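Below are some notes for a colleague who has the coordinates open and would like a residue-level reading of them.

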Amino acid sequence: MRTVLHVVGARPNFMKLAPIFRAVASRKELRQRVVHTGQHYDEKMSEVFFRDLGLPAPDLNLGVGSGTHAEQTAKALVELERVFIGERPDLVSVVGDVNSTLAAALAAAKLRIGVSHVEAGLRSFDRSMPEEINRLVVDRLADHLLTPSADADENLRREGVAPARIHRVGNVMIDALYGSLHVARSLRMPAKMGLTGRYAVCTLHRPANVDDPAILSRVLGALEEIARELPVVLAAHPRTRARMDSLGLVPHGLTVIEPLGYLEFLSLTSGAALILTDSGGLQEESTALGIPCLTLRENTERPITVDEGTNTLVGSEPRRIIETARHVLAGEGKRGRVPELWDGRAAERIAELYGRIA
């Protein structure tokens, strides 16, 4: 039986893998193996997501852990090469744009194993973002480029990718969301947190926002001002929490919480009146849910969420953040629409494709 080997390493990967794994399993024509590089390795950022998403435990956990981008990529590359030589899969499937994605694509390509990149073609056109470098390299190495939207197709064609290698399958992140929404809402996280009216949810983790003390202070100040008008819940990524602690930043008026599991966090975000984030996944989820989203960046690799969805780019300048938030809360924000093929069936299209190409 032909084998598809899935490589994941960080929280966003797990959400994308879950519907793909189930869809491939339902066809019963391919053997699947899951390798977790361990790029996200603490329980709140890793194992809990496998449980929430109904994924089996990974067949292998490489324990790569933290480090610089070079260290993390290099460790994953060495370990994945050993795995691929031992397993000899027919197809390596990678998702997203994290360092594990890059390492897997490079190791497989050098061993002449076919590579499929789910979420191909996304571009922020900002090479100061490490993820943008990963996207560019993985899309050059991959044999099959599975895109979520028409703009991603166009990016790849402009870069000279042969049309036969491009497959628009839709957004598999939305499959996970639609498949989990009923259970997530039944958890009633807002009520458990004492949120009885309108509230906002914020996540911060990008180095551009978190590593610069001046920018982090400005963003937190803007959140404090918004919190004068409605409760703001800041889900603090470990990186963000560490920076806040090291700088002695104690946000006033915010509810700061540890990272939640996927279902708990979806329960919280799906009831929000406003989402503020620098996360790509939340930009997509807010568009699918019809919730106004303010992205705390000057660019996005998911422009369809701005052009068609509920997303607005506001950067890190406090006045812009605050004014746009007030505009939204006054009922004057974007209504948007759900993009084409964000229909909860992307994984089915991927499974059908894998049956042909593995």
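Which residues of S8 are buried on one side, and which on the other? The model is a predicted one, and the answer is taken up in the first point.

1. **Strand S8 and its two faces.** Ala-200, Cys-202 and Leu-204 lie on one side of S8 and Val-201 and Thr-203 on the other, and all of these residues are buried, with both faces of the strand covered. The strand spans residues 200-204, and five of its five residues count as buried, so that S8 is described as mostly covered.

2. **The partners of S8.** S8 is joined by five bridges to strand S9 (residues 232-236), and these two strands run parallel; within S9, Leu-234 is the bridge partner of Cys-202. S8 also pairs with S11 in the parallel sense, here over four bridges. Cys-202 stands opposite Leu-276 in S11, while Thr-203 has Thr-277 as its bridge partner in that strand.

3. **Val-201 as a probe of this region.** Val-201, which has its place in strand S8, counts as buried because its relative accessibility is 0%. When neighbours within four places in sequence are left aside, Val-201 is in contact with Val-233, Phe-265, Leu-268, Thr-269, Ala-272, Leu-274, Ile-275 and Leu-276. For orientation, the C-alpha atom of Val-201 is separated by 40 Å from that of Thr-3, a residue 198 places away along the chain.

4. **Strand S11 and the unit built on it.** S11 (residues 274-277) likewise has both faces covered, with Leu-274 and Leu-276 buried on one side and Ile-275 and Thr-277 buried on the other. Three bridges join S11 to strand S12 (residues 293-295), and the two run parallel; Leu-276 stands opposite Leu-294 in S12. Together with helix H13 (residues 280-289), S11 and S12 make a right-handed β-α-β unit.

5. **The open sheet of seven strands.** An open sheet with parallel pairing has seven strands in the order S3-S2-S1-S4-S5-S6-S7. Its edge strands are S3 (60-61) and S7 (166-168), each of which pairs on one side only.

6. **The largest nonpolar core.** This core has 38 residues, among which Ile-20, Leu-53, Val-118, Tyr-262, Ile-350 and Tyr-354 touch the most other members. The elements that give two or more residues to the core are strand S1 (3-8), helix H1 (11-27), helix H2 (47-52), strand S4 (91-95), helix H7 (172-186), helix H12 (262-269) and helix H16 (346-357). H1 gives the most, with eight residues. Val-118 deserves a look of its own: not counting residues up to four places away in sequence, Val-118 touches Ile-20, Ser-93, Val-94, Val-95, Gly-96, Leu-146, Val-172, Ile-350 and Tyr-354.

7. **The aromatic pair.** The structure holds one aromatic pair. The pair consists of Phe-14 and Phe-50 and is tilted, with 4.9 Å from centre to centre and 50 degrees between the planes. Because Phe-14 lies in helix H1 and Phe-50 in helix H2, the pair ties together parts that are 36 residues apart in sequence. Phe-14 counts as buried at 0% relative accessibility, and Phe-50 is buried too, with a relative accessible area of 6%; the cut-off for buried is under 20%.

8. **Helix H5.** H5 covers residues 130-141, and its twelve residues reach 17 Å from the first C-alpha to the last, which is close to the 16 Å expected at 1.5 Å a residue. Glu-131, Glu-132, Asn-134, Arg-135, Leu-136, Val-138 and Asp-139 are buried in this helix, a list that a reader may wish to inspect side chain by side chain, given that it includes Glu-131, Glu-132, Arg-135 and Asp-139. The buried residues of H5 pack against S4, helix H4 (99-110), strand S5 (114-118), strand S6 (144-147) and helix H6 (150-158).

Technical notes: Residues numbered from 1 in each chain as written. Predicted model: local features only at pLDDT ≥ 70, side-chain atom pairs only at ≥ 80, totals over all residues. Heavy atoms only, no water. Core = buried A, V, L, I, M, F, W, Y, C linked by side-chain atoms within 4.5 Å. Buried < 20%, exposed > 50% of the residue type's maximum accessible area, 1.4 Å probe, protein only. Contact = heavy atoms within 4.5 Å. Expected span 1.5 Å × (residues − 1). Pairing = 2+ DSSP bridges. Right-handed = clockwise from strand over helix to strand, strands pointing away. Phe/Tyr/Trp six-rings, centres within 6.5 Å; stacked < 30°, edge-to-face > 60°.
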